[in-house]
Amino acid sequence: MLFSSRPFVAATLAVTTFFTGPATAQTYTSCNPLESTSCPPDPALGRTIDIDFTQGGSDLFTPAGGNPTYDSNGVSFTVARSGDSPQLISLFYIMFGRVEITMKAAPGAGIVSSLVLESDCLDEIDNEWIGADNDQVQTNYFGKGITGSYNRGQFNPAPNSQGEFITYAVDWTSDRIVWTVGGTVIRTLNADEAEPNQYPQTPMQVKFGSWSGGDPSNSQGTVEWAHGPTDYSQGPFSMVVQRVKVTDYSTGSKYTYGDTSGSWQSIQSEGGKINSNLGGAGELGTTAVTTAASATSTANVPAGGIGSGTASDSSDLPPGWVMTSDGKIVPSSSASVRMFQTPNRPQSG
C-alpha cells in the first residue's frame, strides 16, 4: 500500500534543525549486529525533541503500513480494512532514554494500538492497547529477537484509554525500565530481574501506530490475544496521537556496535558519549505507583512491532533517502548494502 505524496508539515520541535537518518530495521534486518561488526552505524538523536502533531507531521518520522492523517486533534492511525497497519517510524535511534506519548487508543475488537522501541539486534520494549479493553495497557519486553516464551507481558491499569488523551512514558536506562500512565508508575523492570540476556540495551528506533491483531490472516493465538476477530464493518478504528517527546540519554551523531555481544557497554558513540545525557528529560515525575492487573504467561503475546506493511511513497522522504523494492527506507548511498526484509507479524505459540 502506498501513501499519498502530500508533503509533511514541520511540527513544533524542541530543536531548531531537523534530523535525517536511516529508517526502520523493522522486525528483521539483513545486517544483525550480533552476527557482524560491519553493520552500518545507527543515526543518533543525541538530544530531546518535542513534537506537537496537532500542528502537522514531522520530518523526524516516516510513515509505513498505511496513511496517517493530521488534523487539530493530532495524527490518526486508522484501520479500516484487512492489511491496514499505519505507523510512524523514527529516522533516529536512542541509546537509553525516555519516550512520552499523549494519545487515545483505538477501539474495536481485535484492534491493537502500539508504541514500540526496537533495535537492529531485536531488543524491544512495548506498550500495546487492546481495542476490546478500554481500561488496560499491556507492557512487554524482548531481547535479541528471542520470542520463544511469552511470559514477560503484563496487563496494567490505564482507565478510559480510548476516551481521553493520556500521557504514557517509557523511561529506559541500563539499570531499569519504568512504564508510567498519567504520572502513575504501572511497572518497573530492573535489569537483574530480566531473563538471561533479555534486558533491552542496544540503540532503539521509536515507532507507533495501530494494526489488526484480530485479522483472520493472523494465527489463532494472535487473534485470541487481541480479543478478535476484527469486524471491519464496525470501523473504521483510529488511534490518535497528540504529542510525542523523546529524550536520548546518550549524545553524539552515530551509534555503532563495538562487537557482537549485544551489551550496552559495547556500544560506541561518534562525537558524544553513552549515558552522558542521563536524566536529560528531567526527573521522572510520578504521582503514584500501582501493580499489574495480570501477567500474560499464557497469552501467547506476539513480538516484533506493529504488524506488516510497506513504507511510504518515496516522494514523502527526506533528501538522500530512497525506498527499496521491498518497501524499506534506506540512505541512497547504501541502498545496495542495507536492505531490510518485509516483516510478518510473528506466529504465536
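Tutor: Take the hairpin of β13 and β14, in this predicted model. There are two residues between the strands, and Gly 182 takes a positive phi near 55 degrees.

Student: How many bridges join β13 to strand β14, and which way do they run?

Tutor: Strands of a sheet pair through backbone hydrogen bonds, in either a parallel or an antiparallel way. Here six bridges join β13 to β14 (residues 184-190), and the two run antiparallel. As one example, Val 181 has Thr 184 in β14 as its bridge partner.

Student: What does β13 form with β12?

Tutor: Those strands form a hairpin as well, with three residues between them. Five bridges join β12 to β13, again antiparallel. Asp 171 stands opposite Val 178 in β13.

Student: Is β13 (residues 176-181) mostly covered or mostly open?

Tutor: Mostly covered: five of the six residues in β13 are buried. For the protein as a whole, buried residues make up 56% of the 349 residues.

Student: In what order do the strands of the three-stranded open sheet come?

Tutor: The order is β1-β17-β18, with antiparallel pairing. β1 (42-43) and β18 (267-270) stand at the edges with a single partner strand each, so one side of each has no neighbour in the sheet. Strand β17 (residues 254-257) is joined to β18 by four bridges. Within that pairing, Tyr 255 has Ser 269 in β18 as its bridge partner.

Student: Let us move to side chains. How many aromatic pairs does a search of the whole structure find?

Tutor: It finds ten. One of them is Phe 61 with Phe 208, which is edge-to-face: the centres are 5.5 Å apart, with 65 degrees between the planes. An angle over 60 degrees counts as edge-to-face.

Student: Which residue forms an aromatic pair with Phe 96?

Tutor: Trp 172 does, and the pair is edge-to-face, at 4.9 Å centre to centre and 65 degrees between the planes. Phe 96 lies in the loop between β6 (87-90) and β7 (97-104), while Trp 172 lies in strand β12 (residues 166-172), so this pair ties together parts 76 residues apart in sequence. Phe 96 and Trp 172 are both buried.

Student: Which residues do ring pairs link into a cluster?

Tutor: The cluster is made of Phe 53, Phe 61, Tyr 70, Phe 77, Phe 92 and Phe 208.

Student: Which residues have the most contacts inside the largest nonpolar core?

Tutor: In soluble globular proteins, nonpolar side chains tend to be buried together. The largest core here has 56 residues, and Phe 208 and Val 241 have the most contacts inside it. Strand β16 (residues 237-248) gives the most to this core, with five residues. A second, separate core has six residues, among them Val 112, Ile 130, Trp 211 and Trp 225.

Notes
Residues numbered from 1 in each chain as written. Predicted model: local features only at pLDDT ≥ 70, side-chain atom pairs only at ≥ 80, totals over all residues. Heavy atoms only, no water. Pairing = 2+ DSSP bridges. Phe/Tyr/Trp six-rings, centres within 6.5 Å; stacked < 30°, edge-to-face > 60°. Buried < 20%, exposed > 50% of the residue type's maximum accessible area, 1.4 Å probe, protein only. Core = buried A, V, L, I, M, F, W, Y, C linked by side-chain atoms within 4.5 Å.
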